[in-house]
Amino acid sequence: MQVTVLLFGSLTDIAGVNRLVLDNVPDTHTLIQQLNERYPGLQAAHCLLAVNYELVKDNTPLPENAEVALLPPYSGG
Amino acid sequence: MTDRKLKNIFVQGAVAASFIADSIQQHSHKTAIGGHSIFLGQVRADEIDGKKVAAIEYTTYEAMALEKMHLIREDIFAKYPLTCMHVYHSIGLVRTGEICLFVFTSAPHRKAAIDACEETVERLKIELPIWGKELFEGEGYQWKENR
């Protein structure tokens with residue numbers, strides 16, 4: 001099952017990308033693990049996770065074709 | 001997720017003073033309005049480690065930002081007796097001295113307009129997924145963090 005991952009702000013500098021598609025990620029913990037392995041610089045980064053526009057805190061199952069976003073601290077306004 | 005048509009708050013580049021003036025003018029036929037409250041955010045020439053900010057480049061997770069703004073709008077209208085509310089936030093490059101945020105509330109009475117405007121500004125700064133990249137004069141940048 002596929003999920004799209006969007007990165008924003010300073011995370012795009014760390015990872016060097018702003019969009020990925022990942023396979024076989026059943027939940028957010030697995031997703032974070034995979035991202036940290038692929039982009040070790042992300043491990044120290046402080047960010048929130050959103051799944052289909054809703055912020056999630058704990059390990060959350062990912063529906064098929066979910067859009068996951070990694071959101072560093074906001075600075076709008 | 002929703003199939004509602006969400007109000008777009010994003011404008012490309014700085015908010016022009018003429019746009020603000022036109023917005024005010026466009027409300028003159030709404031004769032139930034007794035007070036407007038307007039907040040303008042302007043890019044400040046902050047100095048960081050001896051370098052001066054020349055501009056801020058704004059990016060956003062647009063779909064989520066518009067959803068969240070819709071929820072803020074609904075809360076504000078439920079809480080305050082407003083006639084209307086308009087929010088505009090810049091995307092892309094805004095130079096120091098230029099306007100990057102325009103929040104405009106209108107009501108029959110001033111207290112609702114003033115309080116709603118303030119609460120909207122505070123909430124959007126906390127809740128909207130928008131990021132500012134501070135570009136320094138010359139070279140270099142830093143990601144802004146709201147306090």
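# Reading strands and a chain's shape

Student: Which residue in β5(A) stands opposite L49(A)?

Tutor: L70(A) stands opposite L49(A) in β5(A). This is a predicted model: local features need pLDDT of at least 70, side-chain atom pairs count only at pLDDT 80 or more, while totals for chains, interfaces and linings use all residues. Residues are numbered from 1 along each chain as its sequence is written, chains are lettered from A and ligands numbered from 1 in the order in which they are written, and side-chain values use heavy atoms, without hydrogens and water.

Student: How many bridges join β3 of chain A to β5 of chain A?

Tutor: Strands of a sheet pair through backbone hydrogen bonds, either parallel or antiparallel. Strands pair here if DSSP finds at least two bridges between them. A strand is a DSSP run of E, at least two residues; a helix is a run of H or I, at least four; both are numbered from the N terminus. Four bridges join β3 (residues 48-51) to β5 (residues 67-71) of chain A, and the two run antiparallel.

Student: What is the strand order in the open sheet of chain A?

Tutor: The order of the five strands is β2-β1-β5-β3-β4, with mixed pairing. β2 (19-23) and β4 (54-56) of chain A stand at the edges with a single partner strand each, so one side of each lacks a neighbour in the sheet.

Student: What pattern does chain B follow along the sequence?

Tutor: Chain B reads β-α-β-β-β-α-β-β-α-β-β. That comes to three helices and eight strands.

Student: What share of chain B counts as buried?

Tutor: Buried means under 20% relative accessible area (1.4 Å probe, protein chains only). Of the 147 residues of chain B, 48% count as buried.

Terms used. Buried < 20%, exposed > 50% of the residue type's maximum accessible area, 1.4 Å probe, protein only.
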